[in-house]
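Dear colleague,

Please find the structure below, handed over for your work. A summary of the findings follows it.

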Amino acid sequence: MWGARANPDVTASPFVMSMVRGAGANIHGFCEGRQNPGGDDVGMVVMEMLSTTLGRSWAHIGRTLVKDVAADGTVNRCANPRASYNPLTGKLWLDWSWFARDGSGAFGLRAIYRDDRDGKWYGPNGEFVPGSGIANTFNLSALTQPGWKRILSGPGAGDLGTDGKLYIPIWYEHPQYETYGTAVARLNDDGTATMIWYLSLIHI
């Protein structure tokens, strides 16, 4: 269904899918497309598809939405896409985990939004061009708290609070151990985010 074989950016089966209903009859789907099968240390892009007919037909099937390429041509990891829709603003927010593949350990939680009124994607500097990298994306990495190694998208989708704001769950990782905790952040309309609370670390 994802049409990955027709996408030159993807040579392995897409997975880690997120789907959400937007305005009207719009259903949006996103997934992680990998350049090679195997482990996690491979180039990854965010793919999208869209239905404006409640799933009876689809467009943009398997189109690359986000692809971040380093100066040396290495494709970085854009993983675990997660979509959340705010019906009060008409904005569909998409966030994902970003990892550099140059050995630096650089990471980020990145986001863009789609305005269902005009069908365009936006970042902090205006319209986001599908297929481009992270330069024009919102950086939510400031949510990282002291003593955390990094934050990741998920687990699960965001939800609308009684205050009309989206609340998104995130993972956080211990700097020395393979141990994770969960947290919740408020996603503000301007692309910033505010940490609300987090749980103690759990071992996975």
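Please note that the model is predicted. The C-alpha trace spans about 45 × 45 × 30 Å along its principal axes.

As to secondary structure, the chain has 16 strands and 0 helices. Of the contacts between residues at least 6 apart in sequence, 48% join residues at least 24 apart.

Burial and surface were also computed. Of the 204 residues, 49% count as buried. The chain exposes about 9,600 Å², and carbon and sulfur atoms supply 52% of that area. There are 18 positive and 19 negative charges, and their mean positions lie 4 Å apart.

The aromatic residues may be of particular interest to you. The structure holds 8 aromatic pairs. One of them is formed by Phe-30 and Trp-121, with an edge-to-face arrangement: the centres are 5.9 Å apart and the planes make an angle of 75°. Because Phe-30 belongs to strand 2 (residues 27-34) and Trp-121 to strand 8 (residues 120-123), this pair ties together parts that are 91 residues apart in sequence. Buried means under 20% relative accessible area; Phe-30, at 0% relative accessibility, therefore counts as buried, and so does Trp-121, with a relative accessible area of 3%.

Yours sincerely

Note on methods: Residues numbered from 1 in each chain as written. Predicted model: local features only at pLDDT ≥ 70, side-chain atom pairs only at ≥ 80, totals over all residues. Heavy atoms only, no water. Helix = DSSP H or I, 4+ residues; strand = E, 2+ residues; numbered from the N terminus. Buried < 20%, exposed > 50% of the residue type's maximum accessible area, 1.4 Å probe, protein only. Contact = heavy atoms within 4.5 Å. Areas by Shrake-Rupley, 256 points an atom, 1.4 Å probe, with all protein chains shown as cover. Lys, Arg positive; Asp, Glu negative; His and termini not counted. Charge placed at Lys NZ, Arg CZ, Asp CG, Glu CD. Phe/Tyr/Trp six-rings, centres within 6.5 Å; stacked < 30°, edge-to-face > 60°.
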